[in-house]
Each structure stands twice: as C-alpha cells, then as structure tokens.
Amino acid sequence: MERAFEMRRRAIDRGDQPYGAVVVKEGRIVGEGVSAVVTDRDPTAHAEMQAIRDAARRLRTADLAGCEMYSTSRACAMCEAGAYWAHIARMYYGESIADGGARRLP
C-alpha cells in the first residue's frame, strides 16, 4: 500500500488527480499506476487502469489471475470492471488497507 501512496504523490506532482495503485503477484509489485486523466486528457487513465495495463505488459498476459490490487481509494465502476476482466483476485484500498473483496462486475 505504501507504494500506491507513492504513486499518488507522483500523480499530484505531475498535476493530476490524487490517485495511485499497484498490482501485486506473490508479494512482488508487477504493475504500477498513477492517475493520468488530466495530463493525458484520457478519462480512462485512472490509476487502477494504468496499473492493470502495466501489469499486463510486464507479465505479457491479460490474465492477471492470482494478482491483488492496492489503491489509494475505492475503485470506481470502470476500474472494478477492469479488475474483473483481468481476473484480479482481490482489491484493497485506502490508508487503513480496507479489504474491498474479490473483484466483481458492477
């Protein structure tokens, strides 16, 4: 979760929305994302989506089964759906590391 909040700080420093996320597999960070909605002028560039995209690139697969996502806030419907289609096993969010449960289709 600490790394997700570091990603959040990067987003703020870049002049974007204050969100960060990471994807973890077997205790290792395999994807990172900062919000790029403002800087990239892309309404889908939420931190969670960026982290999913990064993990898929790094792992060379769209199937992220066995991975968990940690984000600075609860995922929106789009990000929840993205995690669902990527087969993210579980999602955690916030400073208290709340368990958001298994991904689900909104």
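This is a short tour of a predicted model, one selection at a time.

**Stop 1: helix 1**

Select residues 2-13, which form helix 1. How far apart are the end C-alpha atoms of helix 1? They are 17 Å apart. At 1.5 Å a residue, the 12 residues of helix 1 should span 16 Å, so the two values agree.

Now colour Ala-4, Phe-5, Met-7 and Ala-11, which are buried. Why do these residues sit on the same side of helix 1? They cover an arc of only 150 degrees around the axis, and this puts them on one side. Turn to the other side of helix 1 and find Glu-2 and Asp-13, both exposed.

What covers the buried residues of helix 1? The cover includes strand 1, strand 2 and strand 3. Then step past the end of helix 1. Gly-15 follows, with a positive phi near 85 degrees.

**Stop 2: the loop between strand 1 and strand 2**

Select Glu-26. Glu-26 sits in the loop between strand 1 and strand 2. Is Glu-26 buried or exposed? It is exposed, because its relative accessible area is 75% and anything over 50% counts as exposed.

Look at the backbone here too. Most residues other than glycine have a negative phi. Glu-26 is not a glycine, yet its phi is positive, near 50 degrees.

**Stop 3**

Move on to Pro-43, in the loop between strand 2 and helix 2. Pro-43 is exposed, with a relative accessible area of 62%. Which residues does Pro-43 touch, not counting residues up to four places away in sequence? It touches Val-37 and Met-78.

Try the distance tool on Pro-43 and Arg-9. These residues are 34 places apart along the chain. Their C-alpha atoms are separated by 20 Å.

**Stop 3: helix 2**

Select residues 47-59 for helix 2. This helix has 13 residues. From its first C-alpha to its last it reaches 18 Å, close to the 18 Å expected at 1.5 Å a residue.

Show the side chains. The buried residues of helix 2 are Ala-47, Glu-48, Met-49, Gln-50, Ala-51, Ile-52, Asp-54 and Ala-55. What covers them? The cover includes strand 1 (20-25), strand 2 (28-34), strand 3 (67-71) and helix 3 (77-86). Just after helix 2 comes Arg-60, with a positive phi of about 60 degrees.

**Stop 5**

Select Ala-62, in the loop between helix 2 and strand 3. Ala-62 counts as exposed, because its relative accessibility is 60%. Ala-62 and Ala-86 are 24 residues apart in sequence, but 6.0 Å apart in space, C-alpha to C-alpha. Leaving out residues up to four places away in sequence, Ala-62 touches Ala-56 and Ala-86.

**Stop 4: strand 3**

Go to Ser-71, which lies in strand 3. Is Ser-71 buried or exposed? It counts as buried, because its relative accessibility is 2% and the cut-off for buried is under 20%.

Show what surrounds Ser-71. Setting aside residues up to four places away in sequence, Ser-71 touches Met-1, Ala-4, Gly-20, Ala-21, Glu-48, Tyr-92, Tyr-93 and Gly-94. You have already met two of these names: Ala-4 is buried in helix 1, and Glu-48 is buried in helix 2.

**Stop 7**

Select residues 77-86, helix 3. Its buried residues are Cys-79, Glu-80, Ala-81, Gly-82, Ala-83 and Ala-86. What covers the buried residues of helix 3 includes helix 2 and strand 4 (90-93).

Which residues meet where helix 2 and helix 3 pack? From helix 2 come Glu-48, Met-49 and Ile-52. They meet Met-78, Cys-79, Gly-82, Ala-83 and Ala-86 in helix 3.

**Stop 5**

His-87 lies in the loop between helix 3 and strand 4. Its phi is positive, about 70 degrees, although it is not a glycine. With a relative accessible area of 35%, His-87 is partly exposed.

How values were computed:
Residues numbered from 1 in each chain as written. Predicted model: local features only at pLDDT ≥ 70, side-chain atom pairs only at ≥ 80, totals over all residues. Heavy atoms only, no water. Helix = DSSP H or I, 4+ residues; strand = E, 2+ residues; numbered from the N terminus. Expected span 1.5 Å × (residues − 1). Buried < 20%, exposed > 50% of the residue type's maximum accessible area, 1.4 Å probe, protein only. Contact = heavy atoms within 4.5 Å. Arc of directions from axis to C-beta.
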